[in-house]
Amino acid sequence: MSSTGAQAAPAACHTVIKVVPVTVSVPQQVWENGHWVIKYVPVTHYETISTIVCD
């Protein structure tokens, strides 16, 4: 009896790359009405996340 039929096919793996926007609030000093004011400015940067998926 041959065992070739019982072997699983090799899994095909590929990389999935996702780009996720991340928004953080950054404090910035702004000169306003004659004095310094700290304002929080939203800054968006993009994180690249790669995962390996096997079928």
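1. Two strands pair if DSSP finds at least two bridges between them. Strands S1 and S2 meet that condition, because 20 bridges join them. S1 covers residues 13–32, and S2 covers residues 35–54. The two run antiparallel. Please keep in mind that this is a predicted model.

2. The inventory is brief. The protein has 2 strands and 0 helices. S1 and S2 form a hairpin, with 2 residues between them. Asn33 sits in the turn and has a positive phi of about 55 degrees. Along the pairing, Val20 in S1 stands opposite Glu47 in S2.

3. Next, the contacts across the chain. Take those in the protein with a separation of 6 or more: 52% of them are accounted for by residues 24 or more positions apart.

4. How much of the protein counts as buried? The figure is 0% of its 55 residues. Buried would require under 20% relative accessible area. The accessible surface comes to about 4,900 Å². Carbon and sulfur atoms hold 59% of that surface.

5. The count of disulfides is 1. A disulfide is a covalent bond between the sulfur atoms of two cysteines. Here Cys13 is joined to Cys54, with an S to S distance of 2.0 Å. Cys13 lies in strand S1 and Cys54 in strand S2, so the pair ties together parts that are 41 residues apart in sequence.

6. Which hand does this disulfide have? The torsion about the S-S bond of Cys13 and Cys54 is about 100 degrees, so the disulfide is right-handed. Cys13 counts as partly exposed because its relative accessibility is 46%. Cys54 is also partly exposed, with a relative accessible area of 43%.

7. Lys39 deserves a separate look. This residue belongs to strand S2. Is Lys39 buried, partly exposed or exposed? Its relative accessibility is 37%, so Lys39 counts as partly exposed; that class lies between the 20% and 50% limits.

8. Which residues does Lys39 touch, leaving aside neighbours within four places in sequence? They are Val26, Pro27, Gln28, Val30 and Glu32. Val26 is 13 residues away from Lys39 along the chain, and their C-alpha atoms are separated by 8.1 Å. With Glu32, the link is through side chains: the side chain of Lys39 makes a polar contact with the side chain of Glu32 at 2.8 Å.

Note on methods
Residues numbered from 1 in each chain as written. Predicted model: local features only at pLDDT ≥ 70, side-chain atom pairs only at ≥ 80, totals over all residues. Heavy atoms only, no water. Helix = DSSP H or I, 4+ residues; strand = E, 2+ residues; numbered from the N terminus. Buried < 20%, exposed > 50% of the residue type's maximum accessible area, 1.4 Å probe, protein only. Contact = heavy atoms within 4.5 Å. Polar contact = N/O pair within 3.5 Å; in protein donor to acceptor, adjacent residues only side chain to side chain. Areas by Shrake-Rupley, 256 points an atom, 1.4 Å probe, with all protein chains shown as cover. Disulfide = S-S within 2.5 Å.
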